Amino acid sequence: RPADPKGEWQTELVNDAGHITHNLETVRWDRSQRQQVVAGSKEGLWLNAYADGEWRRTRLSSEPVGEVRAGRLPAGPFLATVEPFHGDKAAVYLRDGDGKWNRRQILDGFKDGHAVAPDDYLGLGHDQVMVGWRGANPGLRLLTPLDGEGKEWRTSVITTKEIAVEDLKSADLDGDGKPDLIAAGRQTK
C-alpha cells in the first residue's frame, strides 16, 4: 500500500501456475511469518508463501480444486475443499509429521459443489466442515471429524432442496460466542 492510497499500488506476482483459480484463502499458520495464500485451481492446490524477498509456491495436490478454506483440528490445521471446480466431492488435506499434506476424500456423489465453511458449529473445541451444493441433491451437509486427526468423518444433512447453495460464510452475528451460518442460494432465491 502506498502512503497515499489514491497513488499507484505496486503489484507482485504470487503464482501464475493456475489458469482457472476459483478460490483462495489467506492463512497464518506460523505467526512469525507473513500471511500465506492457499489457492485452489484446475491445476491443483497451492500454498504461496513470501520468504527471503520473493513469493514461493508449493503444490500441495494436483487434484483440481474449486473451493478451499482452512480449519483446525486437535492435530493441527487442515484445508477443506470442494473438488473439482463446481465438483461432486468434498475433501480435507491434513499435514503429517513430516509437513506433507495428505488428501482424504470425505464426501462424494453430489453435483455442482460451490461452498465450504469450516468452524466449530457443535462446540467441540475444533472445527467441523459445512459444505454446500447447488446442483442435483442441493443443500448443506455438515462433516464432523470423529477423531482429532481427521481420519474418520460423519455426514449430517442440514438442508436439502430448500436451498441450492451458492456460497457460505460463518460468523458470530449475535455475539453469543457461537458461529452462525450465512448461506446464499441464488437459484432457490
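Author: The lining of the largest pocket divides into four nonpolar, two polar and six charged residues. Here Ala, Val, Leu, Ile, Met, Phe, Trp, Tyr, Cys and Pro count as nonpolar, Asp, Glu, Lys and Arg as charged, and the others, Gly among them, as polar. The model is predicted, so local features need pLDDT of at least 70 and side-chain atom pairs pLDDT 80 or more, while totals for chains, interfaces and linings use all residues. Residues are numbered from 1 along each chain as its sequence is written, and side-chain values use heavy atoms, without hydrogens and water.

Reader: Which residues line the largest pocket, and what is its volume?

Author: Rolling a probe the size of a water molecule over the atoms shows where empty space is left. A pocket is an open set of points on a 1 Å grid where a 1.4 Å probe fits, with protein on both sides within 12 Å along at least five of seven lines; lining residues have an atom within 4 Å of a point. The lining consists of L73, A75, G76, P77, L94, R95, D96, N102, R103, R104, E149 and K151. Two or more of these residues come from each of β6 (76–83), β7 (89–95) and β8 (101–108), strands being DSSP runs of E with at least two residues, numbered from the N terminus. The largest share, three residues, belongs to β8. The volume is about 210 Å³, taken as the space filled by probe spheres set on the points.

Reader: Is G132 buried or exposed?

Author: Buried means under 20% relative accessible area, exposed over 50%, and partly exposed in between (1.4 Å probe, protein chains only). G132, in strand β10 (residues 128–133), is buried at 0%. Beyond residues up to four places away in sequence, G132 touches G113, H114, A115, G139, L140, V165 and L168, where contact means heavy atoms within 4.5 Å.

Reader: How many salt bridges does the structure hold?

Author: A salt bridge places a side-chain nitrogen of Lys or Arg within 4 Å of a carboxyl oxygen of Asp or Glu. The structure holds nine. One of them joins R57 and D16, with closest N and O atoms 2.9 Å apart. R57 lies in strand β4 (residues 54–61) and D16 in the segment before β1 (21–27), 41 residues apart.

Reader: Which residues are linked in a network of salt bridges?

Author: The network links D112, R134, E166 and R186. Between E166 and R186 the closest N and O atoms are 3.2 Å apart. E166 is buried at 16%, whereas R186 is exposed at 53%.

Conventions:
Helix = DSSP H or I, 4+ residues; strand = E, 2+ residues; numbered from the N terminus.
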